[in-house]
Amino acid sequence: MEFGSGGGGGGNGSGGDHEASDPCRRKKRYHRHTADQIQRLEGMFKECPHPDEKQRLQLSRELGLASRQIKFWFQNRRTQMKAQHERADNCALRAENDKIRCENIAIREALKNVICPSCGGPPVTEDSYFDDQKLRMENAQLKEELDRVSSIAAKYIGRPISQLPPVQPIHISSLDLRMASFDGHGVGVAGPSLDLDLLPGSSSAMPNLPFQPVVISDMDKSLMIDIAANAMEELLRLLQTSEPLWIKSTTDGRDVLNLESYEGIFPRANTHFKSPNVRIEASRDSGVVIMNGLALVDMFMDSNKWVELFPTIVSMAKTMEVISSGMMGSRSGSLQLMYEELQVLSPLVPTREFYNLRYCQQIEQGLWAIVNVSYDFPQFASQCHSHRLPSGCLIQDMPNGYSKVTWVEHVEIDDKTPTHRLYRELIHNGLAFGAERWLATLQRMCERFACLMVSGTSTRDLGGVIPSPDGKRSMMKLAQRMVNNFCTSISTSNSHRWTTLSGLNEVGVRVTVHKSSDPGQPNGVVLSAATTFWIPVTPQNVFNFFKDERTRPQWDVLSNGNAVQEVAHIANGSHPGNCISVLRALNTSQNNMLILQESCIDSSGSLVVYCPVDLPAINVAMSGEDPSYIPLLPSGFTVSPDGHPDQRDGASTSSNAHGNMGRSGGSLITVAFQILVSSLPSAKLNLESVITVNNLIGTTVQQIKAALNCPSS
């Protein structure tokens, strides 16, 4: 390469004008390094491929070369090394590809000669499990056609036509479900048929997504770049400055923003909202995360990975526009316009919508900063009641491959509708959407990803049931999809509108219905129901109660008192409560059904999610095959601290270890069930189904309170 010739870095300037006027002569001049110089440079390259300025100056003195020549030599050597590695990788991948292609051809040829041992005919080309799903869909379509023809025929003969028995939905529990266990309240007598449109969120069309395409001009992009740069400066001040910007809370020791100092350092003309109900929520927290900085940056700057990383907080995210893709293939300098919707896992708390500018910058080697700041669109001003001031995180690489993350959340909230009293303390104290919850979730999910990537397995984790690391990974992916589905089912997103049924308590049971057609869900009409209630028991004790299979008969209404046994166990975090279990019901006739359960806990709260899965489907996942098409309809519980400090003696001793979980004396529990009402997408929702799920939740709540010695009222 011409710039590495060494002629441009010498100290002889006498011929500079002459050489500048004679480009041909300059092009011919080059300098070959001596063997000793190359040997010394190669030795240094093995120790440090990226020497700093001080090291380059030392080399230049030792070798008699200019610092510029040293710099260019290392650049050329790194490029050469990268090319060599790429060529070696390409050769290895090409050989592996050829090997797989040959194996594929051999398998295809072998399959042509396979004979079914049962019938002697040719083999079935598709998996019987997927054949069964296809037959179910065809059966549902034929049943719908029969209903339509029968109704037309009835008009002509003047009386109803006898029809086939209705298609039975799949069981909502792997345990014995008998309607008699609900004492017959509203059950057993078919109620009037309700049209789906009587319940919101039931349209067969796709819901109107809250984000819409926007046209961004060059002037808008220039403004966005300025806003992002200013936000980054403010965020770095907030991340790296303690007093007087941040002061320690006297109640729980958290960092609290000193608004007077903040307004003095970052003056603003006025608040974003013209309302007397505007609140400020600001929080900061830091901790160590089991993931390197580059991997974190990549996940933060990808909206799909962002949702995957925070399923309990982010209900929806989408990149609307990429303003800048970064510099030289790096995420540094990347700027995106992103829509996101944040949630608390309860139907009582509305989601928060943001149109964010997300800007990433590499501060120095191993140090990254990512800032989020709201960008105002006049056409969306009426639907957004939250405005994010410069927020984000600082990611510092650590020598052991971990990262230290410092997180800041700073938002303005326009409370046009009062916060529900159960969640008022938790939300107004900045705990529901604050930095501590973001960081605790990040730490827990990174531990989960680390467990997913570990190839080794232990006999304690698997008990010999799951035969291979691929089986473990497949089970973890299936459980993660189950948790994601559960979080989506109780979201208060714009695509989920809830109707309140009276009768349980002042909260009532919230229900919504939707038509499911996703490959990973049973096809048909799904009824979701949820409620939230408070009990004076610490969140840790509530989680232990739900997690322990020995106490499951005390709250699982559908078990009819039958015990369960754990037949497989996969740890997915350092806390023993973070795990995946496969449970089998004892003393029940449904031996072909198992319960897949995942429990998660961190300092901000916990959840226990479970779902009935038939034995063939579990075997598919345990054998390491793709579990994406296994239908799941999960139910479960979420447990959050109530935001009130625990005033009992000795309560403060556990606050540091468990965060909000340890500081809180009471718990907010959300109970949520999903039921497949009918496998026909065009079916009517029967009132009996609504009454059944209402009684199901009511009985579950009463049994939980009784088991934990809480008053029923």
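## Basis of the model

Because the model is predicted, local features need pLDDT of at least 70 and side-chain atom pairs count only at pLDDT 80 or more, while totals for chains, interfaces and linings use all residues. Residues are numbered from 1 along each chain as its sequence is written, and side-chain values use heavy atoms, with hydrogens and water left out.

## Helices α3 and α4

Helix α3 (residues 35–47) packs against helix α4 (residues 53–63) at an angle of about 160°, with the axes 11 Å apart; helices are DSSP runs of H or I with at least four residues, strands are E runs of at least two, and both are numbered from the N terminus. Axes are lines fitted to C-alpha atoms, for helices over the stretch in contact, and angles run from 0 to 180 degrees between N-to-C directions. The angle makes α3 roughly antiparallel to α4, a term for angles over 145 degrees.

On the α3 side the contact (heavy atoms within 4.5 Å) is made by Q37, R40, L41 and M44, and on the α4 side by Q55, L59, E62 and L63. By class, this contact of α3 with α4 has 4 nonpolar, 2 polar and 2 charged residues, where Ala, Val, Leu, Ile, Met, Phe, Trp, Tyr, Cys and Pro count as nonpolar, Asp, Glu, Lys and Arg as charged, and the others, Gly among them, as polar.

## Helices α12 and α14

Helix α14 (residues 469–489) and α12 pack at an angle of about 150°, their axes 9 Å apart, and the two are therefore roughly antiparallel to each other. Residues M445, R448, C451, L452 and M453 in α12 meet K472, R473, M476, A479 and Q480 in α14, a contact with 6 nonpolar, 1 polar and 3 charged residues.

## Cavities

The structure holds 7 cavities of 30 Å³ or more; on a 1 Å grid over the protein atoms alone, a cavity is a set of points where a 1.4 Å probe fits but cannot get out, and lining residues have an atom within 4 Å of a point. Of its 21 lining residues, R437, S604, G605, S606 and S640 are the closest to the centre, and the largest share of the lining, 4 residues, comes from β19.

Key. Parallel < 35°, antiparallel > 145°, perpendicular 65-115°, else oblique. 1 Å grid on protein atoms, 1.4 Å probe; cavity = no way out; pocket = protein on both sides within 12 Å on 5 of 7 lines; lining within 4 Å. Points joined across faces, edges and corners; volume = space filled by probe spheres on them.
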